[in-house]
Amino acid sequence: MAARFTLHGIWLSGPTYKVGLMLALAGERFNYEHVNLRAGEHKQPGFLAKQRYGQVPLLEDSKTGLQLCQSASILEYLVEQLGKFGGGSAQEKIQAREWMFWDFDRLAMHVYRMRGQRLGIRSISQPIAEMHFAEGHVALKVLDDQLKGREWLVGKDLTIADIDIYGVVAYAPAGGFNLAQYANLSAWIARMEAQPGFKPNDQLLPKASQAA
Ligand SMILES: N[C@@H](CCC(=O)N[C@@H](CS)C(=O)NCC(=O)O)C(=O)O
């Protein structure tokens with residue numbers, strides 16, 4: 001049977017990984033369209049017509065005909081559509097959303113930028129790098145504290161908050177953050193990686209377009 005979803009992105013992209021990871025954990029096969037950012041494919045009219053921000057990821061849902069952007073919003077959409085990882089109560093749903101807003105406010109920018117600098121994708125000055133490193137550690141400590149005595153960030157089960165934030169934390173070592181000092185966070189990472197369907201970013205996202 002043809003796959004319902006088509007994910008457009010690039011293997012280097014954390015936000016693309018978040019969406020791919022959600023689909024993988026939900027047991028949904030997906031088609032994958034590689035977007036060559038270096039060649040500017042994400043700024044071409046055809047792509048912009050589907051993804052107004054000119055960014056990856058873009059998710060196409062052949063069942064509803066919708067084209068979706070912004071990884072956190074896509075995760076919420078997939079909760080609605082697939083009925084998984086949404087949280088058990090209205091309060092848990094709101095809390096999962098809070099963590100996803102917090103992620104892009106306090107965590108993702110620092111981790112992704114440090115990684116980008118180390119990979120040579122992004123050039124940032126030493127004082128700015130020091131700021132990202134310090135702020136990144138502040139956010140990682142918030143996560144470690146939240147996970148004390150808990151298996152998951154919200155409620156008793158894995159939610160999109162965990163998927164969204166794993167899609168940043170997974171890149172922290174490449175950004176020079178040593179996670180060994182965060183015992184609760186490290187245990188949570190191991191739990192995430194033991195989930196059925198889990199794949200690390202370099203195995204989940206192909207380097208070229210690929211049908212499901
Ligand atoms: N908030 C967005 C961020 C997406 C994003 O930053 N995508 C990057 C790749 S990781 C991108 O497309 N960069 C190219 C550009 O912004 O022009 C999301 O979560 O989907």
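**Exercises around Y171**

Y171 counts as buried, since its relative accessibility is 3% (buried means under 20% relative accessible area, exposed over 50%, partly exposed in between, with a 1.4 Å probe and protein chains only). This is a predicted model, where local features need pLDDT of at least 70 and side-chain atom pairs count only at pLDDT 80 or more, while totals for chains, interfaces and linings use all residues. Residues are numbered from 1 along each chain as its sequence is written, and side-chain values use heavy atoms, leaving out hydrogens and water.

**Exercise 1.** Work out how the rings of Y17 and Y171 are arranged.

*Solution.* Start with the rule: rings of Phe, Tyr and Trp (its six-membered ring) pair if their centres lie within 6.5 Å; planes under 30 degrees apart are stacked, over 60 edge-to-face, the rest tilted. Next, the numbers: Y17 and Y171 sit 6.2 Å centre to centre with 85° between the planes, which makes them edge-to-face. Helices here are DSSP runs (H or I, at least four residues), numbered from the N terminus.

**Exercise 2.** Now classify the pair Y112 and Y171.

*Solution.* The centres are 5.9 Å apart and the planes at 80°, so this pair is edge-to-face. Y112 belongs to helix α4, 59 residues from Y171. Y112 is buried too, with a relative accessible area of 15%.

How values were computed: Helices (H or I, at least four residues) and strands (E, at least two) are DSSP runs, numbered from the N terminus.
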